[in-house]
Amino acid sequence: GKIENVPILGTGAPNTASKVTVTANKVSGSAPGNLTLYINTNTSSDATLLSSRAINYAVCVGTCTSFDSITTKGTITTTGKVAILTNTPLQDAATNYNVYFWLDGSIITESHIGATYSGFISAEAVQVDTR
């Protein structure tokens, strides 16, 4: 999914942050597998925005009402492909993996005006050997 319209917040919360949802499941009767989610930050993203550590993310498996129940969280500081959720067992039923984004309002300054971020979420699944 494409990351867009990221709000500037004093405190990130699921109901105010921007969200990208990835849905994944294991095909019934297939071998077990693990899912990994990635943030892919394009090189066109502003270096000032990345180095300031202002771009925050949080990953929730299923629906989160607060970030107290998040699975992982962090900041985006570099371009390229970075794993944000790793080795999560795929379920038979479709599961939503919600990735939330916000800019830390305590970090944003006038130097960030006009700064841009470009990126997207990707996923990979790997079969697990259960022998």
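Buried residues account for 40% of the 131 residues in the chain, where buried means under 20% relative accessible area, exposed means over 50%, and partly exposed is in between (1.4 Å probe, protein chains only). Keep in mind that this is a predicted model, in which local features need pLDDT of at least 70, side-chain atom pairs count only at pLDDT 80 or more, and totals for chains, interfaces and linings use all residues. Residues are numbered from 1 along each chain as its sequence is written, and side-chain values use heavy atoms, with hydrogens and water left out.

**Confidence and layout**

On pLDDT, the predictor's confidence in each residue from 0 to 100, the chain has a mean of 86, and 93% of its residues reach 70 or more. Strand 3 has the highest confidence, at a mean of 94, while strand 1 (residues 8-9) has the lowest, at 78. Where pLDDT is low, the predicted coordinates should not be read in detail.

The chain holds one helix and eight strands; helices (H or I, at least four residues) and strands (E, at least two) are DSSP runs, numbered from the N terminus. Read from the N terminus, the order is β-β-β-α-β-β-β-β-β. The C-alpha trace spans about 55 × 30 × 20 Å along its principal axes. As for contacts (heavy atoms within 4.5 Å), among those between residues at least 6 apart in sequence, 81% join residues at least 24 apart.

Three strands make an open sheet in the order 6-3-8, with antiparallel pairing; two strands pair if DSSP finds at least two bridges between them. Strand 6 (80-89) and strand 8 (119-127) are the edge strands with a single partner strand each, so one side of each has no neighbour in the sheet. From one strand to the next, the twist averages 20°, with axes taken as lines fitted to C-alpha atoms, for helices over the stretch in contact, and angles running from 0 to 180 degrees between N-to-C directions.

Strand 3 (residues 33-41) is joined to strand 6 by seven bridges and to strand 8 by nine. Leu37 has Leu85 as its bridge partner in strand 6. Asn40 has a residue opposite it on both sides: Lys81 in strand 6 and Phe120 in strand 8.

How many of the residues of strand 3 are buried? Nine of its nine. In a regular strand the side chains alternate between the two faces of the sheet. Here Gly33, Leu35, Leu37, Ile39 and Thr41 point one way, Asn34, Thr36, Tyr38 and Asn40 point the other way, and all are buried.

**Nonpolar cores**

A nonpolar core is a set of buried Ala, Val, Leu, Ile, Met, Phe, Trp, Tyr and Cys residues joined through side-chain atoms within 4.5 Å. The largest one has 22 residues, and Leu37, Ile39, Ile76, Ile84, Phe101 and Ile121 touch the most other members. At least two residues each come from strand 2, strand 3, helix 1 (47-51), strand 4 (55-61), strand 6 and strand 7. Strand 7 gives the most, with four residues.

Leaving out residues up to four places away in sequence, Ile39 touches Tyr57, Ile76, Gly80, Lys81, Val82, Ile84, Phe101, Tyr117, Phe120 and Ile121. There is also a second, separate core of nine residues, including Ala58, Cys64, Tyr100 and Trp102.

**Salt bridges**

The structure has two salt bridges, each defined as a side-chain nitrogen of Lys or Arg within 4 Å of a carboxyl oxygen of Asp or Glu.

| Pair | N to O distance |
|---|---|
| Asp92 and Lys26 | 3.0 Å |
| Glu124 and Lys81 | 2.6 Å |

Asp92 sits in the loop between strand 6 and strand 7 (95-104), and Lys26 in the loop between strand 2 (18-24) and strand 3, so this pair ties together parts 66 residues apart in sequence. Asp92 is exposed, at 51% relative accessible area, whereas Lys26 counts as buried, at 15%.

For the other pair, Glu124 is in strand 8 and Lys81 in strand 6, so parts 43 residues apart in sequence are tied together. Glu124 is partly exposed at 34% relative accessibility, and Lys81 is partly exposed too, at 46%.
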